[in-house]
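Dear colleague,

Please find the structure below, for use in your own work.

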Amino acid sequence: MAQWDRMKLLVQQLPNHTLNDLYPASFPMDVRHYLAKWIEDQPWETFDVDNVDQDPQANRLRDQIVRLLMEQAHQHLNVLEKMRLQEFSRKMSTVQPMALVKTVRDMLRKERQFLGLTGGSIGTGPMVGLYHSSPGQALHQPGVSPSPSPINGTQNLARPKCNQDMDNLVFKVLEIREYRQSMHQLNEEMTWEKQDGESSQSPKQTSELDPQQVEKQKRIQKLEYQYREYGKKRVHLLQETIGILKECQDCLIQRIKEWRWEQHQGTIGGVFDENLGPLQTWCEQLLGVNVQLRQEVILVAQDHGSSDPFTELQNELGKLLKTLIQSSMVVDKQPPQVIKTQSKFSTTVRYLLGEKVAAGKPIVLKAQIITEVQARSVGQEGGMGSENVGELINSTAILEHNPSSKSMCANFRNMSIKKIKRADRKGSESVTEEKFAILFTADIAIAGCDAACSVQTISLPVVIIVHGSQDNNAMATVVWDCAFSEPNRIPFVVPERVLWLQMSLTLSRKFMSEVGTQRCLDENNLHFLAQKVFNKPDITEDFNTKHVTWSQFNKEVMHGRPFTFWQWFDGVMELTKKHLVRYWSDGLIFGFIGKQHLHVILQNKQNGTFLLRFSDSEIGGITIAYVALAENGIRRIQNIQPFTKRDLEIRCLGDRIRDLAFITHVYPDLPKDDVFGQYYTADLGPVQPSGEGGYLPTTITTTLVGPGPDPSSPPMAIGGDDQMAAFSHGAQFPVNMSQFSPNFSPSHPGAHGAPLFPHHFENFMGNIPQNQAGTPESMLEDMLPDSIYNFDESM
């Protein structure tokens, strides 16, 4: 932050064009100001912007900027400033991570150039003069070498702080060793000088001193003085180094916590670098330094003839060692966060000091289920109690060393929860809102340590269910916990309400992760989602400063619907993941859009223009909205009954779009065959007998059921996607029921060479609300003729 403190004085004197070049729109000066200290502590200079392997680290930095800006917004009392920070956070989330890294790196380089700083040293060097002729050209004081250019002057820039601290720590240990060796050498010289003086002294010498003896005594006194001074510096250096060791270890433990938190975020699509190699190296280096310092304390105590003055140093090193041993166990591969009883699952636990574990009997790692309350007591004095809340099968594993990866892991491959004991619930609390965790425990001895330590770590929170129908609501609990938990929270506390801006980022990230796409939800999509969760139809309203509650997310049903917001959103993700990911990634699906907005963008388009949107009337449906000419000659926006997972398993979306001849252009105005042609499946070709039995092949095509304005024109859907057009408007079904008969063939008279299987019948099963009395099958039997109900699509 020292760099920004000085830069603030200079920016007041810089011309606007220079400031605009220094702080571009992609990284405004306000962001530089609010995140000054954090920005200057990050390893921007270690990035090679052309190296794709560093993309995860760049993504992590971008996400941290977004999160920190949101935290600043929460803390700010000024409403206008709060809104500006929220807007900055939103904009930062849309910037390409590596481009952002390059922008910040170049900005810091230019700042150092303006300040006349060399070698990345902050706080030294003269201030530059004011700007004169051209931007970027600074005057420097006489006798001061110009600073390196912002492009090529990076070879001496400071390394990340953690690396600097470790380098300093290792250097201090070497310095302590050098003082010890120098003192040993001084002691030998004093011993020699004293022995030589005694042997050379003549018995006749009494009161008169020999000048040589006087000189020898002076040398001995000088050696004794140096020895004492070196001893003082050695002790002081030991104390100083132990302090640095503690700082480095605190930094390591914080980084391990951050890794766990990033792992937590990774479960909902956050950027997560799972590589534990650097952390393991860091742990091993700190252990090595601790062991060397313990040896140096023992040796310095021996040199002083007493260990009492150094007992405190030994105790401090012992505490640090114990903390390091206990903090070095992490859950490398987390168990599923939604676990169904009687189902197998796996997890992997890694010990970061595995290379230093003492040889001997195998280390057995034990696992058990703990409650949220018990999780808060893990690592606390007094322990968490012995209450067993569940029965875990295959709950032990051996910590085994892998020479190739130099890691020590325990793999639980076939764990299973046999039963679980629930806590008493209050009010409207559901079992799918109750969070547990898996606790892993082992006694580990490190080579060179006096005794084994009890080491514990817990998994991310898990929700335990007994039936697959609970999976959706359990996942809502997991998503809320992952998205809105604080890094150093009390297990497993989460807020009851969050800003829509935070929620929108979470939904987009989760959608991309779950579907497996690089295309995020755009502003139109997110605005419509806000309209749904808040039940606000106005398309011009700003939702970013509104708060979403847990109840709005997954306890209360949406207005006019029998399902919650999350159940609906999760259904869309499931449909897109299994059947629409390529269409979505190619930008062919508009996605989430309300009917009010739909009419705005389609009202002036030509007849046959259409777009694909996710249905908001049922879970997991996609519908076609298109411009059509109604019976009275007025142009209307029609919505075809949504296609569900079952529909798209029967016939893919591309072929269904090809079947509907009256939709011709994809919004805004692209010919549909040009856009969707790659998704059409090949035609069957000339009909040939199949051989055995002489059967002819059949196919299914998509058509609409309902009256049209002209008998010769294609049939049109009437109404929206909230109801079946044919039923709601009293339309008659085609008289030729052979279209739905198992005996139908393409050569049947009147069939026009292809069956006309109404799309509505394919979807009808999925449109019956599941919370109504009676099963979907029984309701369908009451409403449809037997000849239709018994249609066999496999024929």
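In helix α14, residues W500, S504 and L507 meet L526, L529, A530, V533 and F534 of helix α15; contact here means heavy atoms within 4.5 Å. By class, this contact has seven nonpolar residues, one polar and no charged, where Ala, Val, Leu, Ile, Met, Phe, Trp, Tyr, Cys and Pro count as nonpolar, Asp, Glu, Lys and Arg as charged, and the others, Gly among them, as polar.

This is a predicted model, in which local features need pLDDT of at least 70 and side-chain atom pairs count only at pLDDT 80 or more, while totals for chains, interfaces and linings use all residues. Residues are numbered from 1 along each chain as its sequence is written, and side-chain values use heavy atoms, with hydrogens and water left out.

Helix α14 spans residues 500-515 and α15 residues 523-534; their axes come within 11 Å and cross at roughly 120 degrees. Axes are lines fitted to C-alpha atoms, for helices over the stretch in contact, with angles running from 0 to 180 degrees between N-to-C directions. The two helices are therefore oblique to each other (under 35 degrees counts as roughly parallel, over 145 as roughly antiparallel, 65 to 115 as roughly perpendicular and the rest as oblique).

A second pair is formed by helix α9 (residues 211-266) and helix α11 (residues 311-327), which pack at an angle of about 15 degrees with their axes 11 Å apart. That angle makes α9 roughly parallel to α11. The contact includes I242, L245 and K246 of α9 and L313, E316 and L317 of α11. Its residues divide into nine nonpolar, four polar and three charged.

The chain has 25 helices and 21 strands (DSSP runs, numbered from the N terminus: H or I of at least four residues for helices, E of at least two for strands). Of its 795 residues, 45% count as buried, meaning under 20% relative accessible area, with exposed over 50% and partly exposed in between (1.4 Å probe, protein chains only).

The largest nonpolar core holds 68 residues, and L286, L293, I325, Y351, F412, I444 and I446 touch the most other members. Such a core is a set of buried Ala, Val, Leu, Ile, Met, Phe, Trp, Tyr and Cys residues joined through side-chain atoms within 4.5 Å. A second, separate core of 65 residues includes L521, F565, I640 and L648.

Finally, N59 lies in helix α5 (residues 55-75). At 19% relative accessibility, N59 counts as buried.

With kind regards
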